[in-house]
Amino acid sequence: MMPQHDSQSESDSSYPKLRKQKRNRRARGKKIHQKKESEVSRSEDDSDSKISDLNCSVSSPSKSSPSSHKMYADRLKSSSSDSEFSDAENNASNLKTLLASARQNAYQTLQAIVKISDKKVMFGYWSSFLPDQPTMPGMVCNQNIFTTVLKDPVPQVRLSALILLAEMLRGSKQFLAHAEGRAPRHLSFTSLSSVLATIICEVHRCLLLALLSESSTALLTQILKCYAVLTENVPYSKLDAEILLKLIKQTKSFLHHKDVQVQVACLSVFGSIINSNQIPKEIEDMILLHDFGSVSGLSSKESYMTFSSENSNLPWIIDICQKNVFSEGPLPVIIESLQLLCGIVGRYFNKLISFWHVIERIILWCLNSSETSLQLHGAKLLDVLGRCIINATNTEGAENLHLSVSKLWLSVLNGPLIVCLSNDTHKTLQSVCCDCLSTLPPKLFQELNSKQQILYITILLGMTSDSNPNVRGAAIRCLGVFCLFPSLTQDISFLSDVSECLKKSVDDVNVNVRFKASWALGNLSDALFSNRDTTFLCKEISAQFFYSTGMFCVQFSKDCDRIKANAVRALGNFLHYIPKQFLDLPLMQDFIRSSCEALKLALSATFMKVCWNACYALGNVFKNPNLVNHKVIDLDDLLHSLLNTLKSPNFKVRISAAQALTVLEFRELYGSLLPNIWKHFLFALSSATADVNFKELKHQENLNDQLCYSLCQLASLMTIDDLFAVSNDTIEATEKLLTSMWKFGSHATEDKILHVCSAIEHVTSLSNTEDAVQIIFILQDTLNQAVLAFYREDKT
């Protein structure tokens, strides 16, 4: 059988429609060919006419030879053909430029869309922009952003694509957290976690290819910026460690790039890695090695662990940062190195002893520098270091660094810090220096001589009136910290000066200043409360000082919620230790009434922290026997307000309200409200499981324990009339009470069980009345459940 040829004549074709299409194509081809021939002939005619015109124009009295005419004609024809070719090239070049501009504008439009769109909405379109399948040899992949990044010939278009990539990755941590690249993949289906892991791996691979192939400094900088955003959001602990290892290995070489912006971008990548809390343990250990390059080529996870032992030499990344700082190179590189050191100190403080001397030198060098920006970032490094020292006060590492910390602080306090605090031209530097002072250990402040102490306090007091709100807020916060220093707690002149500064901040236009002032006022109240059992409070503090400072709290309690939370805490402290001799003063009674009204209003606030602090503050009010027995406050009204708080949707607020309701130690103080409080406790105990919210699930057990303990406290105060009043509700809730008391007793402390035993003795003492036998028996059985559970757990 002869093979059939693809080309057939029209007569051979068995499809009329196909024949018609072929005829149309041939006709169109002839028309195009004729059109081209006519254009060529027309251009030749034009060139001939030009030649004749030129021949006439160049004719002279002397006769021209025919060869000269031919030479002119050939030259003009050649120039005509060259112009045609150049026009075609220009048209093609213009077309390429327009197409590149269209692509660039398209990416810029997408950038604007991504910026204004919700991250959740844009996440649904990731598969259209990012590769979601692993690349294999011979497989045709769909076009995505990296098609442009790796193959587009125009650098500006590639740059726009990289900017779009960075915008898409920014803020994607909540979505990428579901990625899982270490678990075995299912063959029957593809899970979302594996798809996300594939996207992450492909983005890393393509960015690495772009990093190795690019030579433009602008594009290299943008690729490194994409890496920085990527490392902020990717959960590397759930992926293969090889991904992050390759990233570190390749980007490390750009730390010594000739371009400053590339160096800065590379340092920012390492800053993002260090500040991430999703780094595998083996990679964390490598970062502080002496030579990372010796392990950068490893491929097995088992091999990584062999290099995780401590090294006595300086870590490679610390060495790079100190060289950048002390070489006095470009200022942006030095600043980025200092920011990287801030992240390293905050993350690896427990290993700081191996490179403490470097951090100390850098801080002192920066603070003594004449460049304000270096002073600023040196102060920020000192601030981070100080915070870490405060958080690690009770750890072993802090004890080893005690002498070094003292030496550093004394070097800073004796010179450079005062100069920075006095720099009125740079407000940011002043506020950061105030933050540094707030991390000063109390013992070190006490080691300063009195002149230095007075100097720093005077400077801070003056800064509370600064024109810049950041400086005012930082100075007020620092003074609030100083209020709790043992050497200043009983300094009435210092406390009075702080009180005057806070008085000016009540009406400050900046909400952040008012917030820090309310926080400092809470610390001031704590300082006064710490002296409640000493003669200092009675002899040194005047009623006017107490009244004015307390009224500041009342004014702050009328502000926004986050300011109100600090104010009601301070009010509870003031009412807790108000001296007995102040209670009969008219101005003090006015303060007490205003305070109680403010606390009642705070109980109904929508911000739960305000409600919790208000309950705690009322508990402090009830702890003051002088105030409770005084007629200036309405106990019934305050107890009613707390009962309404037991219905709060927040379990921590309910716990605090239950604690406050059982603070009173004598039955007479409850009046006729004790049975009502008992019934509210029973209802709260049953609703704790019925109204459970997933957010409050972790507090459910604590709420049950507190309600059971509060019932035991009330049982120890009950009279026979109270038993009759609560009998019906208690009998109905017997089953719930028995199970709840058993759970409470199984993990109760010994002190609480002693209270339960005293409640059992008190209830047993009421068993003389025959009508109350049933309710007494139920209460005894209920309370005994807690005791039995406690001793059973104790034996096991």
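Biologist: Why does R170 count as partly exposed?
Modeller: Its relative accessibility is 38%, and the classes are set so that buried means under 20% relative accessible area, exposed means over 50%, and partly exposed lies in between, with a 1.4 Å probe and protein chains only. The value of 38% therefore makes R170 partly exposed. This is a predicted model, in which local features need pLDDT of at least 70 and side-chain atom pairs count only at pLDDT 80 or more, while totals for chains, interfaces and linings use all residues. Residues are numbered from 1 along each chain as its sequence is written, and side-chain values use heavy atoms, with hydrogens and water left out.

Biologist: What makes the pair of R170 and E167 a salt bridge?
Modeller: The term asks for a side-chain nitrogen of Lys or Arg within 4 Å of a carboxyl oxygen of Asp or Glu, and the N to O distance between these two side chains is 3.1 Å, so the pair qualifies. E167, at 15% relative accessibility, counts as buried, and the structure holds 15 salt bridges.

Biologist: Which parts of the chain does the salt bridge of K427 and D466 tie together?
Modeller: The two side chains meet at 3.1 Å, N to O. K427 lies in helix α21 (residues 427-437) and D466 in the loop between α23 (450-463) and α24 (469-482), so the bridge joins parts that are 39 residues apart in sequence. A helix here is a DSSP run of H or I with at least four residues, a strand is a run of E with at least two, and both are numbered from the N terminus. K427 has a relative accessible area of 21% and is therefore partly exposed, whereas D466, at 14%, counts as buried.

Biologist: Why is R472 called buried?
Modeller: R472, which lies in helix α24, has a relative accessible area of 11% and is therefore buried. Its side chain forms a salt bridge with that of D508 (3.0 Å, N to O). This pair links distant parts of the chain, 36 residues apart, since D508 sits in the loop between α26 (492-505) and α27 (511-529). Both D508 and R472 are buried. Leaving out residues up to four places away in sequence, R472 touches several others, among them D466, D508 and V513, where a contact means heavy atoms within 4.5 Å.

Biologist: How do you know that the length of helix α36 is close to the expected one?
Modeller: The expected span is 1.5 Å times one less than the number of residues. Helix α36 (residues 674-690) has 17 residues, and its reach of 25 Å from first C-alpha to last is close to the expected 24 Å. Its buried residues include W678, F681 and L685.

Biologist: What makes a set of residues a nonpolar core?
Modeller: It consists of buried Ala, Val, Leu, Ile, Met, Phe, Trp, Tyr and Cys residues joined through side-chain atoms within 4.5 Å. The largest such core has 250 residues, of which L207, Y227, L385, F591 and I592 touch the most other members. Helix α8 (residues 192-213) gives the most to this core, with 10 residues.

Biologist: How many helices and strands does the chain have?
Modeller: Its secondary structure comes to 41 helices and zero strands, and buried residues make up 48% of its 796 residues.
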